[in-house]
Amino acid sequence: MAENAPPRWDRRMQQRLSRGEAAALGEMYDRFAALVHSQANRMLDDEDAADVVTREVFGYVWENPDMYDPKQGSMRAWLAFLTHRESVRRLRGAADGEDPDDPYGPEDPAALDERVRRATSAARADYIVASMPAPLRAALELAYVQRRDYRQTAADLGVTEDEARRRLRLGLQLLSTARTRPVEGAPPPGYGRAL
């Protein structure tokens with residue numbers, strides 16, 4: 001298989017969606033809805049808005065399955081891109097005063113750009129954590145969510161202290177890329193079209 005070829009599941013899913021198979025949309029939703037919703041919620045900090053973005057993204061996919069370009073990345077990356085674009089569109093719309101109930105109200109462009117940058121970094125961090133190997137994710141969860149030191153983390157995971165430190169260091173190195181560069185395998189800037 002060619003190095004840049006999309007996974008077989010992605011190709012089959014696009015074909016099924018193009019044929020209008022509702023079951024394919026359901027399967028895709030079951031597989032990726034949590035990713036889409038959590039990314040939108042992380043960016044918007046609003047559960048209801050994340051629900052709307054999730055519906056918008058899957059509605060767009062249903063209506064435009066041929067917009068997925070396997071040469072640009074995986075189906076997962078495309079959905080993450082669509083979620084990001086729709087979330088940014090909602091943030092910008094709220095800043096332009098489109099939603100009078102928005103607690104943020106209209107804000108100056110520099111503040112909005114900073115909010116978008118922070119939300120994008122947070123979404124990248126979520127994507128990195130979700131994509132990293134389970135051993136690294138488990139070590140980070142024990143150390144930073146459950147507040148274990150590296151010795152306790154090693155004991156809980158049943159690994160040596162050196163291995164626990166290695167996993168924590170590698171996990172943190174991966175997370176540090178969320179602010180400095182795009183996620184490996186994530187779509188390039190400008191992938192696809194806006195919703």
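Guide: Helices (H or I, at least four residues) and strands (E, at least two) are taken here as DSSP runs, numbered from the N terminus. The model is predicted, and local features need pLDDT of at least 70, side-chain atom pairs count only at pLDDT 80 or more, and totals for chains, interfaces and linings use all residues. Residues are numbered from 1 along each chain as its sequence is written, while side-chain values use heavy atoms, with hydrogens and water left out.

Visitor: In which helix is M43 found, and is M43 buried or exposed?
Guide: M43 is found in helix α2. Buried stands for a relative accessible area under 20%, exposed for one over 50% and partly exposed for values in between, with a 1.4 Å probe and protein chains only. The relative accessibility of M43 is 5%, and therefore this residue of α2 counts as buried.

Visitor: Which residues is M43 in contact with, leaving aside its neighbours within four places in sequence?
Guide: Contact means heavy atoms within 4.5 Å. With the neighbours within four places in sequence left aside, the contacts of M43 are H84, S87, V88, L91, A119, T120 and A123.

Visitor: How far apart in space are M43 and A122, C-alpha to C-alpha?
Guide: In sequence, M43 and A122 are separated by 79 residues. In space, the C-alpha to C-alpha distance between M43 and A122 is 6.9 Å.

Visitor: At about what angle do α2 and α3 pack?
Guide: Helix α2 covers residues 22–44 and helix α3 residues 47–63, and their axes are 8 Å apart. Axes are lines fitted to C-alpha atoms, for helices over the stretch in contact, and angles run from 0 to 180 degrees between N-to-C directions. Residues of α2 that take part in the contact include L25, F32, V36 and H37, and among those they meet in α3 are A50, V53, T54 and F58. The two helices pack at an angle of about 140°.

Visitor: Is H37 buried or exposed?
Guide: H37 has its place in helix α2. Because its relative accessibility is 17%, H37 counts as buried.

Visitor: What is the value that phi of D45 is near?
Guide: D45 has its place in the loop between α2 and α3. With a relative accessible area of 61%, D45 is exposed. Although D45 is a residue other than glycine, its phi is positive, near 55°.

Visitor: How far apart are the axes of α6 and α7?
Guide: Helix α6 spans residues 134–145 and helix α7 residues 150–157, and the two pack at an angle of about 130°. On the α6 side the contact is made by A138, A139, L142 and A143, and on the α7 side by T153, D156 and L157. The axes of α6 and α7 are 9 Å apart.

Visitor: Which loop does R147 lie in?
Guide: Phi of R147 is near 60°, a positive value in a residue other than glycine. The relative accessibility of R147 is 66%, so the residue counts as exposed. R147 lies in the loop between α6 and α7.

Visitor: Which residue takes a positive phi just after α7?
Guide: Helix α7 covers residues 150–157. Just after α7, a positive phi of about 70° is taken by G158.
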